[in-house]
Amino acid sequence: MKEVKVAILGMGTVGGGIYQLIEKEQKNIEHKEGIRLEVKKTLALNYAVDVPEEKKAKDIGEIINDPEITVVAEVMGGQHPAKEFIIAALESGKTVVSANKDMISQNWPDLEAAAKRGKAGFYFEAAVGGGIPILRALQDSMQANSIDRIYGIVNGTTNYILTKMDDEGRDFEDVLKEAQALGYAEANPTSDVEGYDARYKLSILASMAFHARVPVDRIYCEGITKITKLDIEIGRELGYVVKLLAIGKKAADGTIEVRVHPTMILKDHALANIKGSFNAIFINGSAVGEMMWYGKGAGDFPTASALVSDMVYAVHHEPKYATFENTYEADQVQFNDDWITEYFIRTTVQDKPGVLAKIAGILGKHDVSIESVIQKGAKKGETDAPLILVTHKAHEKDLNKAIEEIKQLDAVVDVPSCIRVEK
Ligand code: HSE
């Protein structure tokens, strides 16, 4: 039996989950894995669960300088002091497991270098998809594949909001307020609703799937704040569901396309039926074909499931760093920001002759071909009406130029939505 002493940095929801999960599954892990995990120390300002006083460290030094502690779980979140604590733990040779997608995706090279200096393992399965074992699957079970496509619903908060908007015909602000009151969305929801959280996760996921470093700032990012119930309703009429997707594509020549934005997908696609706060990640591998993982992307025990699994994995294996040896650095990669997709464009126009022709003319001039048009009549007493166009495949840059020109037309009041459509 291997005795493994663990420290947990951060004792909020996830830290508390790790603490309780280790207690709950200790015997089972002993039996299955021959490892006895024991939390020796914790470090936190606030504790979500009861922890005996002797297990509360006064400072990080008490953990770093304790040779008995060989595994450190960092679940404090944020950049600082999480980064410094992780680096100190790695340099002292301790395995680090972390769920901190924000910090990892933006400091990966520094963390990896510290891990190599300390010959320590660095694992972060929980950073993408919470309890879904996607990173391990990519690293340890898909070596025989080249991956060319990723579509992920990797943010539970936005999926919950979009699901409610769709199921109950409600607007974004209204559902967000309710989600905050119920604790499904943070008091400051920016990182979730603006797509930043999904972008951090895509940076990690795409880097590992494509064996090329995909920096956060190379990922196009648009959140869900401008999605309205009208977009969702008309999308449904056309056979689509709106999801916040993290999309990664790798072309045969190695060019990478990475983007996070609201996306209309066909309503019978597997991802369209991922409801509420669940996550799902859809991947195409050259040998295995299409696959999808589904599960809980957040929460105490789902996230702790991935973190404790990383601990067990680390004990059984030589140190791993999710290393980028033999893969491409960002400056060796061509990123494509002029992707080709279809578009759902919702305009508000004056309901009078010739408007559609002018809009169609501008789209045509920019090489954007129209697939279908829906005109909703003006409401009684109003002269403005929604005019919706769905395009065939077009270049992002052409489409944007066309939209800018369409907005200048006298008869066009506004272009409130432009949602990419992926089939
Ligand atoms: N805020 C995240 C989500 C939690 O809503 O999915 C886990 O990263």
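Predicted model: local features only at pLDDT ≥ 70, side-chain atom pairs only at ≥ 80, totals over all residues.

Helices (H or I, at least four residues) and strands (E, at least two) are DSSP runs, numbered from the N terminus. Residues are numbered from 1 along each chain as its sequence is written, and side-chain values use heavy atoms, with hydrogens and water left out.

**Stop 1: helix H11**

Select residues 300-316, which make up helix H11. Now colour its buried residues (buried means under 20% relative accessible area, exposed over 50%, partly exposed in between, with a 1.4 Å probe and protein chains only). Among them you'll find Thr-303, Leu-307, Asp-310 and Tyr-313.

**Stop 2: the ligand**

Lys-101, Asn-155, Gly-156, Thr-157, Asp-192, Asp-197, Lys-201, Gly-297 and Ala-298 surround the ligand. Zoom in on the ligand's oxygen atoms: one is 2.6 Å from an N or O atom in the side chain of Lys-101. A polar backbone atom of Gly-156 is 2.7 Å from a ligand oxygen, and a polar side-chain atom of Thr-157 lies 2.5 Å from a ligand oxygen. On its own the ligand has 260 Å² of accessible area, and the protein covers 83% of that. Those areas come from the Shrake-Rupley method with a 1.4 Å probe; for residues, only the protein chains shown count as cover.

**Stop 3: Lys-201**

Stay with the ligand's surroundings and pick Lys-201. Where does Lys-201 sit? Look in helix H9, residues 196-210. Is Lys-201 buried or exposed? Lys-201 counts as buried because its relative accessibility is 5%. Its side chain makes a polar contact with the side chain of Asp-197, at 2.6 Å. A polar contact is a pair of N or O atoms within 3.5 Å; within protein, one must be able to donate a hydrogen and the other to accept it, and residues adjacent in sequence count only if both atoms are side-chain atoms. Leaving aside residues up to four places away in sequence, Lys-201 touches Lys-101, Ala-127, Val-128, Val-154 and Asn-155, where contact means heavy atoms within 4.5 Å.

**Stop 4: salt bridges**

Side chains of opposite charge can pair when their charged atoms come close. Here a salt bridge is a side-chain nitrogen of Lys or Arg within 4 Å of a carboxyl oxygen of Asp or Glu, and the structure holds 38 of them.

- Select Arg-213 and Glu-329: their closest N and O atoms are 3.0 Å apart. Arg-213 is in the loop between H9 and strand E7, and Glu-329 is in the loop between H11 and strand E12, so the pair ties together parts 116 residues apart in sequence. Arg-213 is buried at 12%, while Glu-329 is partly exposed at 32%.
- Go on to Glu-222 and Arg-420, a salt bridge at 3.2 Å. Glu-222 is in the loop between E7 and helix H10, and Arg-420 is in strand E16, 198 residues apart. Arg-420 is buried at 3%.

Notes. Near = heavy atom within 4 Å.
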